[in-house]
Every structure is written in C-alpha cells, then in structure tokens.
Amino acid sequence: MCIGSRLFVKMHSSRFILCGVLIIAVVIESLAWHKYPLNGGITGKVATDLNVRLPNHTVPLHYDIRLGTRFDMGIASFYGVVTIDFKVLEETPFIVLHARDLDIIGAVIRNGTRFVDALYPEYDRPRCLLKLRLPKGKLFQKGDQRQLHMMYDATHGSERGFVMLKYQNIEGEDRRLAFSRFDYTYARTAFPCYDEPNKKATFRITVQHNPDVWAVSNMPKDEKETTLGKFVFQKTERISPHMVELFASDFDYTQSNLFGIKQRLFAPNGEKFPLSDVIKMNKLTAEYFNSTFILQQLEHIILLASVDKSDLHMTIDSGEEMLPMRSAATTEDWINLFLRIAHGISHKYFGEFISPEWWNYLWMTEGFANLFSYMTLNMTFPDWDIWQYFYVEVYNRAMTIDASDNARPLSYCAEDNMEIGSLCDNITHLKGASILNMWRHALTDNIFRQSSRSFLDVNLFNATSEEDLYKAIQSVVEKEKFVLPAPIGDMMASWTQQSGYPVLKVTRNYENGCFTVSQGDFSTNSTTKSNKLWFIPFNYVTKSKADFRDTKATHYLLNETCLTICENIPQNDWLILNKQSTGYYRINYDERNWFLIIDALRSNPHQIHPLNRAQLLNDAYHLCKDGHTFHSFTRELIHRDLFMYMPGENAYAPWLIFTEIMKNYPKKWKRNEYFRKFIKSLTPIYTKWGVNEIPGETHLERLTRRSIIHVACLYGMTQCLQDTNAKLQDSFERNVAIEVNLQSEIYCFGIKQATNEMLEMISDRLTKTSDKSEIYLFKLAMECAKPAEDDQAYEVDVDKSSEDEYI
C-alpha cells in the first residue's frame, strides 16, 4: 500500500543486458555446444522443479515506468505505474511476467488511451511469476503488438531491489537516499517485468519525488518534460530490466565532460573526489576499445561509510561507490574505491553494451568487468603496480575457493531463483577475471584487445554466449595469423565448463636438459580422484635467460597428461614456469629444482619476478598442506629453506601471501625448531620497516609495512610488541595520531603489553564513543587483549638472539 501522497520516483544510471530469441532455442543451442558436463545446479544443493524461465509466448518491446516515492521522509512504500509494449510470438490466453512482493492494483490491455480488456492475475509466489489472463474465450494472436498497463504498490528494500538507506549529513541530521540494486533478479521487486537477461527492451523512466531531491537514471533527463519534483528521462537503448538503475538523494555534485558527454559525481556533505581521475579512466578505457563513448551520460555516486547498513559490499558496481570517511580511509579503501569506479566503467561495455544470453554466462559480464577494472587502473596509475594487488585479491582468492570438491564451473545451468542468486559469487567474479587474464597473456594483449573490440562491435546491444566470445577471438587469431595448436573454443571451454584447476608437476632430466610437465586436478582433499584435463598454456624462464617480461604462451598441454620439452637447460639453472604468475594453476617442481630456486631467492630474490615469488610461496604452502608434494618435499623444507629468504623480500604480493600463510599456519607445524629459528631471522626486515610510515611511500609500500608488523608481532617479536605498545600509548596519552593503515595492527598488538590502566581507559572510551571507527578499534583491542592458547609458547626475544646462527 502507498503511504502518503502518490509521487513518482526515479531510476539510476548504468548497466545493461540483452533480450534474445526464443527461450527454447537458447537452451538447445547452449546444451548442444557445451563440450564438458554441465552442472544442473550448485554442488550440494537439492534439485527443485522451480524453473523460473518465462514461457515464450510474448516478448517486451518498450517499458514506460513511473515511480513515486517519499523515501526522503522515511516512508518505506512507493507507488508504480508501468506500461509495457509487447509482441505476441504465439497464440496464448495469458501473459507471464516476473513480480515479487508487489501489490497489484489493476492490469489492463490498452490501445493507446483506449481500454480493451481487463486481465485477471494469478501469482506463483515460489517462482515469482505473475500470470495475467484474458477473459474466457479471448486470445492474444500471433504477431499482435499490444500494450499492458498496470498499477501497483511496492516497498523499498534494505539490501536488494529499490533500496532506501539512511545517513547523517555534516550537521548530524538524518538524511535518506534511494538507489536500485537489481542484480540479478530484483528488478521484479520494483516493477513487473520480463526479468531475464535475454529479454531486452527500451525504457522510459519517470520519477516523482520531493523537489529537494535529485534523481538520475540511465539516460539524461528530458528537459521539456521534467518539472520541479518530477524527473522524466529519455528513452534508453534496448536493455534488460536488471540493468535499469536509479539513484535519488540530496547529494551535491561536480560536473565535467568527456567526448562531449556529461559526467557528474554525486557525494554527500560536500565531499570532494578527483573527477579528473575518473575522466582519465573513462578516456583510457574508451581508447583501449578504440571507440567513442556510446552512453549519453555517466554518473558516479560516492557513498560514505556512515550510511546505515552500508558495508563495502552494499554498493552498486555500475555507479555507486563507497567512500569511507576520509579520516578512516586506508590505502586499501582508496584502491578498492578506484577499482569499483573502474568496474562500473567496464560494465558500460560488458553488461550494458553486451550481455549474457542466460545467467550461466554471467561470468563473462562480471569477469570482464573485474579484469578491466584492474587494466583501467594500471593504465591510469602505472606507478601503483596494481597487478600485485590483482594477484592477492583476485587470483589468490579464486584459487583458494576453486580448490574445494564442491566448487562449481564458471558456466552451468541455473534454473531456479536460489541458484541464479548464488551466481553472484567469487567464482563468477574472481575466477572469471583470472581465466580471462590468463588468456590475455597467453594470446598477447594485442590479440586480446582486438578480440574484445570485435566481441563488442559484432554483438552490440545483443545477448551473447561464451561461444560468441570464442568466435570473436578465433576470427582475430586467424586474421592476425597467430598460431594456436587448437581452436580457442576447445581450449577455453576446458576452463569454463568444469570446476577446479590443475596442478602442474615439473620433473627435470638434468643430464640432457629436458623437462616433463604433467597435469593433475588440484584439490584441498588429496584423496579426491579426478580424470579432469585442461588445455593449459604455459611458458618458462631459466637462470640463464631470466627475462620475465614476455608472458605469451610458448607451449601447451593439449588436454593431455604430460609433455616433454628439450631445450638444453644447464644443470645448475633454476627453472620456473608461468611468467608473472598469469596462468591459473599451481606448480610443483622436483626437489632439486626447488632447492635451485630457493638458493636463488636467498642470494638475490629480485632476479625472480615478485609475482612469481608470491606464487612460489603460495604453491609450496598449499602443496604441502594439502598433500600434493613430492615424497621428500616436507614442511621442514619450507621452514628451513624457502621461508628463510623473506628477510630480503620487500614486495607487497609475497609479503601478503606470507602473512596469510602465517595467520593460518597449522599449530603442529609451529612446534618445529626450524620454524622458531626462522621467526628470529625476521629481525632485520622488521627493524628496517618499523612501525612509522614515511612520507612519499607508495600505496604498496604502506601495505607491505602492515604485513611485516603483523607477522613480527603475531609470533611475539619483543621489539615489535614494544613498538606497537609505545605507539598506542602515545595515541592515548599525547593524542599522537596513528596512521590509518596501521591502526588495526597497533591496537591489536600494542594492547599485548598494555597496563591495566590502559585497558580500563579503552574499555571506558568504548562505552562512551559513537564513532564507528573507534568502536571497531576499541573492540579489536579488547579482543586482542585476551591471551591466545599458544601466545607464550612461541614468543621470541629477538634482543637475545643472533640472526647469524639461524641462517
């Protein structure tokens, strides 16, 4: 029901997907082409018969949507009127749409303004299907074009749908905003629609609201129709319902232009953000695709972390970004903010310009958007070395999740609402980006760029499958006469249509300079038996030719178990596969080669690329932990040898991986003489970095210091605990600010040697403060103050130890 005046609301800017042919045709084409077994749902879930695909009787042509809201007054309900022009594909007595939690007031068929027929609604709640039936004896005839007119009441969501949230302005007054979060099946909570990615239509949005509120949508406003308190937006291109977006608030904005197209950045409380950087990101992305910007406008929405329920995940990829309060924004927060903005820009191309045929191809939209967000940042800020961040946050996390026996493939049929909703996960986002990045390097950026352009040009504003992507790549490969050992569709499908990833076992023949690469399925369960095989692109580098720059694939394992390569590699050369760790697989070497690599790391780690150093640490730990190592390769080798190079390491990705390893290190492994000696050996690197940031440091240097402090204090290095405690005391007693990047480490570890007086002071402040950042830090400190089971068992007094005796 509508509370208060019936006003009309607005819709926010940016994403899109496509409408297509008959649903049956889509299913048949997809199943016929898949070369690997398709999961019919998420592993471990009970199958249901709640197929939510719409019947193929009708297709939408155009939506005219009018929404009215008083969200700014805290009224949760809103009112809607939708008119849908549709075409009849086969004779039928009813129309079927998606609708969820909508109170339908009335539905009729109109011809312009003339009433034709009333429709009788039937609601299938589990499947969110609304069937609208003609009076008995009447039929919609094939080829007819009709107009459906509906009125309804709805409610703002708190997490999905047309969301309403509260925040405080700079004067401490409560304010509210509303925005769309329709991905991927929540447009139906804001208006009845054909809520499938291949059901595209044009949209015209009208939003009516308080005159003090701004509204933005996918298109610029219609200047002639817009009046005070009523925003009318121009008609969109053909998009799918979940790509319709809305934003309404009283935010201020800054404005600029790119290619003659207006860009605005909305932020609360007068917050400023470098719009020039955003424009540069847009420009470089457009240049990469060799295209002018097709959109009529581009809006960027910056939300503050003080918005209720606004964790960082409560943002919209295409426009709304989360900006923590500046005083609490870490380097990581700023990197993630720029990545989200770049992700939104990428969604204009992958999501708005082209879209998946069905939800099982969602990984293409999200994988491309995620990968291009990093590519855009790398083009915009080359000094950020963003690919180290990609390795840690995308590649590493994807491989951790994907090693489970319950992992699902990228492409698989999702038919019910629960399965479709679960597709917005890290397999889709992280593995999708990792696989695309692997082939970007294997094929070279030139082939990848041309293929991306071709994919966009050929399929502009259409629905696509992964086969369409492979056709685009194959056409460029043939045009450029780029040699591939097999069709790209066959090779890439082995990565998208089966779960998991391989582990490569490298065995060298030191007498003749040859080596053999064999593949197997990597799993956290070493007893799992699998016959999976992949088409694996790889390259390698040796000590004599230590050039990690060219990441093009030089060899392939073509869906076969092993391959032998003879290149006369000198016996004492180390051999490393997978330059810059772009291939999505783990690697295990024979023991002698491991020791050659370890010797190189300890003598001069910088002769090996930092991303490969991170992978060596990562693979060695997981191979050992999960039982995939050679017989003589034990955890003692890790403690005694591999980890001992870390005092000479200064790169972010290796240190972050090492920190994660230390956080999750099995307790029984810690009770080891070599491990304790190794912890003591970290004294020089900790002393070098210390607990104070230095002006002019790069983003990654700041994050690296945090990792070093964490490891040193976690395992009881006396100097680290004393330094963090002194810094915490200075903060409380002399009001000396702690750098925001180091606050968690300083509060957590500084409290370990705190006096009772300091503990009481923190407890007292916790009860009095309302600042969310302070509450988090104080609670963290009190939790860290509790002694862990083995705190005392592994404390190391570095002042009484000589590092030399352990190296």
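## Contacts and overall make-up

Contact here means heavy atoms within 4.5 Å. With that in hand, take the contacts in the chain with a separation of 6 or more: 75% of them are between residues 24 or more positions apart. Keep in mind that this is a predicted model.

The chain has 807 residues, and 60% of them count as buried. Its secondary structure comes to 22 helices and 28 strands.

How many salt bridges does a search of the whole structure find? The search turns up 30. One of them pairs lysine 138 with aspartate 117, and the closest N and O atoms sit 2.5 Å apart. This pair ties together distant parts of the chain, 21 residues apart: lysine 138 is in the loop between strand S7 (129-133) and strand S8 (145-155), while aspartate 117 belongs to strand S5 (residues 114-118). The two partners differ in burial class, because buried means under 20% relative accessible area: aspartate 117 comes in at 9% and counts as buried, whereas lysine 138 has 39% and is partly exposed.

Another salt bridge brings together the side chains of lysine 166 and aspartate 174, at 3.9 Å from N to O. Lysine 166 is partly exposed at 28% relative accessibility, and aspartate 174 is also partly exposed, at 39%.

## A buried pair, and a network

Now for glutamate 649 and arginine 613, whose side chains meet in a salt bridge with an N to O distance of 2.7 Å. Here too the pair links distant parts of the chain, 36 residues apart. Glutamate 649 lies in the loop between helix H13 (635-640) and helix H14 (652-663), and arginine 613 is in helix H12 (residues 610-625). Are these two residues buried or exposed? Both glutamate 649 and arginine 613 are buried.

Salt bridges can also share partners, and that is how Glu173, Arg175 and Asp250 end up joined into one network.

## Around proline 605

Arginine 613 shows up again in the surroundings of proline 605. Proline 605 has its place in the loop between helix H11 (591-603) and H12. With a relative accessible area of 8%, proline 605 is buried.

Which residues does proline 605 touch, leaving aside neighbours within four places in sequence? The list is Ala600, Arg613, Tyr645 and Gly648. As for C-alpha positions, proline 605 and methionine 646 are separated by 8.9 Å, though they are 41 residues apart along the chain.

## Helix H4 against helix H9

Two packed helices are described by the angle between their axes and the distance between the axes. For helix H4 (residues 362-380) and helix H9 (residues 466-479), the angle is about 55° and the axes are 9 Å apart. H4 and H9 are therefore oblique to each other.

What meets what where these helices pack? From H4 come Trp363, Met364 and Phe368, and they meet Glu466, Leu469 and Tyr470 in H9. Sorted by class, the contact of H4 with H9 has 5 nonpolar residues, 1 charged residue and no polar ones.

Conventions
Residues are numbered from 1 along each chain as its sequence is written. This is a predicted model: local features need pLDDT of at least 70, side-chain atom pairs count only at pLDDT 80 or more; totals for chains, interfaces and linings use all residues. Side-chain values use heavy atoms; hydrogens and water are left out. A salt bridge is a side-chain nitrogen of Lys or Arg within 4 Å of a carboxyl oxygen of Asp or Glu. Helices (H or I, at least four residues) and strands (E, at least two) are DSSP runs, numbered from the N terminus. Buried means under 20% relative accessible area, exposed over 50%, partly exposed in between (1.4 Å probe, protein chains only). Axes are lines fitted to C-alpha atoms, for helices over the stretch in contact, and angles run from 0 to 180 degrees between N-to-C directions. Angles under 35 degrees count as roughly parallel, over 145 as roughly antiparallel, 65 to 115 as roughly perpendicular and the rest as oblique. Ala, Val, Leu, Ile, Met, Phe, Trp, Tyr, Cys and Pro count as nonpolar, Asp, Glu, Lys and Arg as charged, and the others, Gly among them, as polar.
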